[in-house]
Structures are given as structure tokens and as C-alpha cells.
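Have the sequence and the viewer open side by side.

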Amino acid sequence: MIVRSNEKETPKVMHNILIVTGIFPPDIGGPASYVPKIATELCKRGWKTTVITLSDSLSHDDSCYSFRIIRILRPQSKLKRIPQTIWTIAQYAKTADVIFANGLFLESVIASKLRRKPLVMKIVGDWAWERSVNHGWTKDTIDEFQRNRYPIYIQSIKWLRSVVTRGSYKVITPSHYLRRIVEGWGVNSDRIEVIYNALEPINGVSPMQLPSFAGATVITVARLVTWKGIDRIIKVVSSISDVRLIIVGDGNERTYLENLVADLGIVERVIFTGKVSRQVVLQYIKASNIFVLNSTYEGLPHIVLEAMAVGVPVIATDVGGTGEVVQHEVNGLLIPPRDDEALRNAIRRMIDNPNERERFANIGQFTVLERFQWNKLVELTEKHIISAIK
């Protein structure tokens, strides 16, 4: 079953684009934040834009958007959903000049081949690795996953990911780190473009009203999955009595993390917010003293840009593309992954040095304004999408 939003008036049409994504508001996550914004900007620039997305529910009022939205029910059998998704993409690709996939890559590649339409992908991670970790098939890092050999069922997923990615005309990655990963899948380097994640200006964020607490407030925002290292943050916070922790997000690790908090006896110092809107996320960050990202993998962490933009100092693990945002001792602190002592020392240092916190926060805001401008992202994205249209 598919629901369509009202299609609104747009400026003179330059091109017709079909954007495909696995998540879209009210979902949260990188593509769910990015797709509505880039679709809106393309509409402003004269593109006739349609978005196809999976959705937990079909009862959404999408009339607030300036583009057409096609929702496909996510909670159904994949044997039914995947063919339906391919058919839907293929149907709307008839009149599209280009397909821009931000997820559902297999379905997008098949549909693009059926319609002989150029396909541009935005790759923000390795879904073969994520699937293997989520199923408990491996505990390897994403870098180890690229070079190691595995049983046939994992190797087949890695092979499929590589073949699907090579089916695109062009690949956009948000970091040079991910560019190197994608090159390892057999994609020619001249077909890969790096466009950093970026933010529109964030102004006037009011801090969330939190219960009173005599110490410092540390916050992390992430999907509650194993590679985000949230259990390690909890254990470190349990050893620092003058710190409380806010955990924003949801995921399959939530019950485990809540039980860990109870076992450590720090329920009164840990707040789980669950899934909240982006505006509420920013309010929670604004109300905190320190932002921590403790992942073992990041493509280029959009949430770090948001923390910097609202003026909160950042501690992050030096993994993936994070070092392309956080400069150690300049606009934040980088620590090794899976190093609880380094995380504890970094938090303690931030707490004990308010002037240093302020310096990192100020330089972090300047970093976002200078290097991660939304207008630049839009211009580069449009340029490379146009290059795919023959």
C-alpha cells in the first residue's frame, strides 16, 4: 500500500529527480535528516522531486513538504516488500532523469537497470558490515571487515554490496575515509565524490529543562547499537560520581543498556530519552556540558557537527571520518576507540577545565561555519547529480 502527499507548485522545472531512501521523518537518523532537506533545496532550484521511502506507518500528513512522497510499508515480509519497492521505483523512474539513492541500494540498482536511468548513490556506511554485526556474525571493526575472510554467507553479502555499489553511475561519500572504503569494493576512484556533511545555520536553541544536578552533564546521541560504545560510556560515568549521562536515541541495545545502568546502581544519574525530534535533540545537547561520541566506526558524524554548532565541546573516538571534523586539542578531543581510561581522563579533563571547554566550543562553532556549509553541500550535490544525466 502506498500513500502520496499533495504535490505542490515548484519553480520552472530543470530536471526530474527520484530520491530513494530507507528512512524518512518521523524516522530519525542521517538519511532521515538529509533527504527532506536536500529534496527541499532541489525543489527551490527548479527540480521536480519525488521521494520514495519505507515507513512504519502509512498514516502521515506529508502536505508540509514541497515534493511528492511515496511511502511503502516497512513492517511486511521482505519477500513482498522488496519486489513492491523495485516496482514502485521503476514506475516513478519512467519520468525521472536520474535516481538518487540514499538507501535501498539493491532495489534502486535493479529499477535503474530496468528503466535505463542513471543512478547516483550516497554511501554513508557499509550495510554488509552493519548486518553482520547486528546478526552477531562478527565483532570485527568495519576496517577489519573489509580485509578479513568469512564463511560463505558473509562473503556473499560482501560480494552483493560491492556488485550493487558498482551498479551506480556515481557515488557520493561524506568523508575521504569512506571514499577509500568504497574504492576497496571495486568502484573506480573517478566515480567517487567526497561531499562533507553540512548544516544549515542553527540559531536560537533553548536548553532543555533538566532536573537539578550538582555535577556535570555528559550527553551522547546515537542509535543504540553495539558499535556506538554506549555501554562503555555508562561504565565510565559510573566511576565518576559528579557526572550524569543523557542517552538520546533508541535501538536494539536499549534493554541491555538499561539493565547495565540498573546493575551499576546509577539509575538516578542516567537519563534515557528514547527517540525524539531533531529540535529536542539540539535542546538536550544545549543543556549539556560535554558531548561524547564513543563509536568504533563513523563515516562522518553529523551529530558532532550539530554539537559543535550549538556550542558544546566534543570528545570523540578517532575512528572513520571523525578526524576529518574533530581536530585533537584544537576544536575537541580525540581518543582511541575501546579505551575506557582515555575516555575517563578526557571527561575529567573537560570537567576540571571550564576555560578549555569554552575554547573547544568556540572553535568548534567556527569549524562548522567555515568548513561545513549547507549551501556548498547543495551546490556540489546538484553538480554531481547533473553530471549523471546524459
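Let's start with tyrosine 34, which is found in helix α1. This is a predicted model, and in it tyrosine 34 has a relative accessible area of 9%. That is under 20%, so tyrosine 34 counts as buried.

Who touches it? Leaving aside neighbours within four places in sequence, tyrosine 34 is in contact with Phe100, Asn102, Lys122, Leu377 and Thr381. Take asparagine 102: it sits 68 residues from tyrosine 34 along the chain, yet their C-alpha atoms are separated by 9.1 Å.

## Rings meeting rings

A pair of aromatic rings is described by the distance of the centres and the angle of the planes. Searching the whole structure turns up 10 aromatic pairs. One of them joins phenylalanine 24 and phenylalanine 67 edge-to-face, at 6.4 Å centre to centre with 90° between the planes. These two come from distant parts of the chain, 43 residues apart: phenylalanine 24 is in the loop between β2 (16-21) and α1 (30-44), and phenylalanine 67 is in the loop between β3 (48-55) and β4 (68-73). Phenylalanine 24 counts as buried at 0% relative accessibility, and phenylalanine 67 does too at 1%.

Then there's tryptophan 129 with tyrosine 297. Their ring centres are 5.3 Å apart and the planes make an angle of 70°, so this pair is edge-to-face. Because tryptophan 129 lies in helix α4 (residues 127-134) and tyrosine 297 in the loop between β12 (290-293) and α11 (302-309), the pair ties together parts 168 residues apart in sequence. Both residues are buried, and they belong to one aromatic cluster made up of Trp129, Tyr177, Trp227 and Tyr297.

## The buried face of α10

Which residues of helix α10 (residues 278-286) are buried? Val281, Leu282, Tyr284 and Ile285 are. Look down the axis of α10 and its buried residues fall within an arc of 160°, so they line one face of the helix. An α-helix has 3.6 residues a turn, so residues three or four places apart point the same way. The cover over the buried residues of α10 includes β9 (216-221), β10, β11 (270-274) and α11.

## A buried charge without a partner

Glutamate 253 lies in the loop between β10 (243-248) and α9 (254-263). It's buried but has no salt bridge, and lysine 235, the nearest side chain of opposite charge, is 9.6 Å away. Apart from neighbours within four places in sequence, glutamate 253 is in contact with Leu224, Val225 and Thr226.

Most residues other than glycine have a negative phi, and most peptide bonds are trans. The bond from proline 25 to proline 26 is cis, with omega near 15°, and proline 26 is in the loop between β2 and α1.

Leucine 104 isn't a glycine, but it has a positive phi of about 50°. You'll find leucine 104 in the loop between β5 (98-101) and α3 (105-115), buried with a relative accessible area of 14%. Glutamate 329 also isn't a glycine and has a positive phi of about 70°. Glutamate 329 is in the loop between β13 (314-317) and β14 (333-335), partly exposed with a relative accessible area of 34%.

Key: Residues numbered from 1 in each chain as written. Predicted model: local features only at pLDDT ≥ 70, side-chain atom pairs only at ≥ 80, totals over all residues. Heavy atoms only, no water. Helix = DSSP H or I, 4+ residues; strand = E, 2+ residues; numbered from the N terminus. Buried < 20%, exposed > 50% of the residue type's maximum accessible area, 1.4 Å probe, protein only. Lys, Arg positive; Asp, Glu negative; His and termini not counted. Salt bridge = Lys/Arg side-chain N within 4 Å of Asp/Glu carboxyl O. Contact = heavy atoms within 4.5 Å. Phe/Tyr/Trp six-rings, centres within 6.5 Å; stacked < 30°, edge-to-face > 60°. Arc of directions from axis to C-beta.
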